[in-house]
Amino acid sequence: SSQEFCGIDGGSIGGVGIGCGGMGGGSIGGRVEVIGFSRELHIFQSKQRPKKLTLHCSDFSSVDVLVKGGEDVRVDARVQQLFELLNGLSQQHAGCARRRLHAPTFGVVAMSLSCGLLGFVPGTRPLQDIVESAAPPGAMDAAAAAYHRHVYGARGAAPDGLRRYLSNFADMGAEEAAAGLSRATAHLPWTALRDAVLMLRTIPRGRGGRRHRRR
């Protein structure tokens with residue numbers, strides 16, 4: 001029920017690390033509850049269409065979470081636990097501790113086998129945007145068009161796009177599928193991801209820790 005879900009012991013949802021505490025007021029016996037939701041819902045244009053939702057808590061704090069469906073987010077939870085383990089090990093290493101090496105993590109709560117909540121990390125960018133910033137102009141659009149033709153054929157997408165998508169892949173063999181994907185990725189340089197990461201690494205930080213893109 002919603003009451004069982006909203007009850008938060010120790011200031012975090014399910015004890016996995018999506019914090020809902022911080023200001024102290026409004027909690028009863030250390031129990032912080034979700035008392036409302038923001039009226040605005042931001043939908044990201046990625047494959048699973050995740051939604052950014054703001055939770056308003058009884059201690060007057062607000063927490064942004066990502067509602068993700070269509071995937072088992074327990075895998076995400078295990079990855080975050082692995083990062084936390086690595087962070088603990090790095091603190092025991094003198095060189096890592098001196099450099100303050102630390103992998104940021106976020107909380108994950110599995111609501112079912114195909115839906116869950118992820119702690120929203122501000123200032124992040126979709127991987128596609130990062131790769132596109134390092135690719136030649138129009139390369140990403142050309143790759144997307146080639147993939148679209150490969151998936152839907154010459155007829156293009158239709159109202160029954162998902163059915164056509166599945167039927168096209170069911171009718172083609174592994175070699176044909178691999179060849180179609182190769183034609184799509186051929187529009188992008190194979191170093192696009194590496195170049196994009198290097199660009200992010202060399203962008204100087206401005207005031208407030210924000211990065212400014214070099215022109």
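Modeller: A residue is called buried under 20% relative accessible area, exposed over 50%, and partly exposed in between (1.4 Å probe, protein chains only). By that rule Ser90 counts as buried, because its relative accessibility is 11%. This is a predicted model, in which local features need pLDDT of at least 70 and side-chain atom pairs count only at pLDDT 80 or more, while totals for chains, interfaces and linings use all residues. Residues are numbered from 1 along each chain as its sequence is written, and side-chain values use heavy atoms, leaving out hydrogens and water.

Let us look closely at the largest nonpolar core. It has nine residues: Val32, Val34, Leu53, Leu55, Cys57, Val63, Val65, Val109 and Leu117. Such a core is a set of buried Ala, Val, Leu, Ile, Met, Phe, Trp, Tyr and Cys residues joined through side-chain atoms within 4.5 Å. Strands β4 (31–37), β6 (51–57) and β7 (62–69) each give two or more residues to this core, and β6 supplies the largest share, three residues. Helices (H or I, at least four residues) and strands (E, at least two) are DSSP runs, numbered from the N terminus. In soluble globular proteins, nonpolar side chains tend to be buried together.

Beyond its neighbours within four places in sequence, Leu53 has contacts (heavy atoms within 4.5 Å) with Phe37, Ser38, Leu41, Val63, Asp64, Val65 and Val67. Apart from this core lies another, of five residues, including Val73, Ala77, Val108 and Leu118.

One of the residues touching Leu53 is Asp64, whose side chain also meets that of Lys52 in a salt bridge, 4.0 Å from N to O. The term means a side-chain nitrogen of Lys or Arg within 4 Å of a carboxyl oxygen of Asp or Glu. This pair links distant parts of the chain, with Asp64 in β7 and Lys52 in β6, twelve residues apart. Asp64 counts as partly exposed because its relative accessibility is 29%; Lys52, at 24%, also counts as partly exposed. Another salt bridge joins Glu71 to Lys68, with the closest N and O atoms 3.1 Å apart. Here Glu71 is partly exposed at 28%, whereas Lys68, at 17%, is buried. The whole structure holds four salt bridges.

Now for the strands β8 (residues 108–112) and β9 (residues 115–119): they run antiparallel and are joined by four bridges. Strands pair if DSSP finds at least two bridges between them. β8 and β9 form a hairpin with two residues between them, and Ala110 stands opposite Gly116 in β9.

To finish, back to Ser90. Ser90 sits in helix α2 (residues 74–91) and, not counting residues up to four places away in sequence, touches Cys96, Ala97 and Leu101. Phe83 is also found in helix α2, but Phe83 is partly exposed, with a relative accessible area of 31%. As for the whole chain, it has eight helices and nine strands, and 28% of its 215 residues are buried.
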